[in-house]
Amino acid sequence: MKVFIPPRNRRPGTVDYMGLMGLVGLLVARYIPVARIIPFWGCVLREQTGWPCLGCGLTRVAERVSHFNFEGAWEANPLGTVAALLFALAAVAMVVHLVFAVPIPEIQLSAKEWRAFQVVMPVIVLVNYAYVVVKTRFPHLLL
């Protein structure tokens, strides 16, 4: 893995766009109760079958992270909590970058590291999904 520090700039990049999405998403989660005001909001798969989908709990995660309830967010969906916190971190990095022209480091993975990432991430997603399924369908199996 190589890390590059670009010169000082205010050119928006990937982290800035992710930060903007994170900022908007967390502000919406904080101030607009989407799950309560939109009648069709919810997981159709879970409503019909009782089984959660891969994204079950993400609305609760965003709402809880935006209210600084990290334990509740982790309980709803651990991987979603990590993602929400990374989006929040990207929002902070975006503000620092665009306001103060502080460069955002760029990371370049080797081909081997990229392949490892492509193998590890689906495993992490599946482990997270297994946790959500067990928590939802078989809570007695958890300590």
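Which helix holds both Trp114 and Phe117, and how many residues apart are they? Both lie in helix α7, three residues apart, about one turn of the helix.

1. **Basis.** This is a predicted model; local features need pLDDT of at least 70, side-chain atom pairs count only at pLDDT 80 or more, and totals for chains, interfaces and linings use all residues. Residues are numbered from 1 along each chain as its sequence is written, and side-chain values use heavy atoms, with hydrogens and water left out.

2. **Confidence.** pLDDT is the predictor's confidence in each residue, from 0 to 100. The chain averages 94. At least 70 is reached by 99% of the residues. Helix α6 (residues 78-100) has the highest confidence, at 97. Helix α2 (residues 34-37) has the lowest, at a mean of 85. Helices here are DSSP runs (H or I, at least four residues), numbered from the N terminus.

3. **Aromatic pairs.** The structure holds three of them. Rings of Phe, Tyr and Trp (its six-membered ring) pair if their centres lie within 6.5 Å; planes under 30 degrees apart count as stacked, over 60 as edge-to-face and the rest as tilted. One of the pairs joins Trp51 and Phe138. Their centres are 6.0 Å apart, with 65° between the planes, and the pair is edge-to-face. Trp51 sits in the loop between α3 (44-49) and α4 (58-66), and Phe138 in the segment after α7 (111-137), so the pair ties together parts 87 residues apart in sequence.

4. **Exposure of that pair.** Trp51 is partly exposed, at 34% relative accessibility. Phe138 is also partly exposed, at 30%. The cut-offs are: buried under 20% relative accessible area, exposed over 50%, partly exposed in between (1.4 Å probe, protein chains only).

5. Trp114 is partly exposed, at 43%. Phe117 is partly exposed too, at 38%.

6. **A charge over Trp51.** The charged end of Arg137 sits over the ring of Trp51, 4.5 Å from its centre. The test asks for NZ of Lys or CZ of Arg within 6 Å of the ring centre and within 35 degrees of the ring normal.

7. **Salt bridge.** The whole structure has one (a side-chain nitrogen of Lys or Arg within 4 Å of a carboxyl oxygen of Asp or Glu). Glu63 pairs with Arg36, with the closest N and O atoms 3.5 Å apart. Glu63 is in helix α4 and Arg36 in helix α2, 27 residues apart, so distant parts of the chain are linked. Glu63 is partly exposed, at 25%. Arg36 is exposed, at 63%.

Technical notes:
Helices (H or I, at least four residues) and strands (E, at least two) are DSSP runs, numbered from the N terminus.
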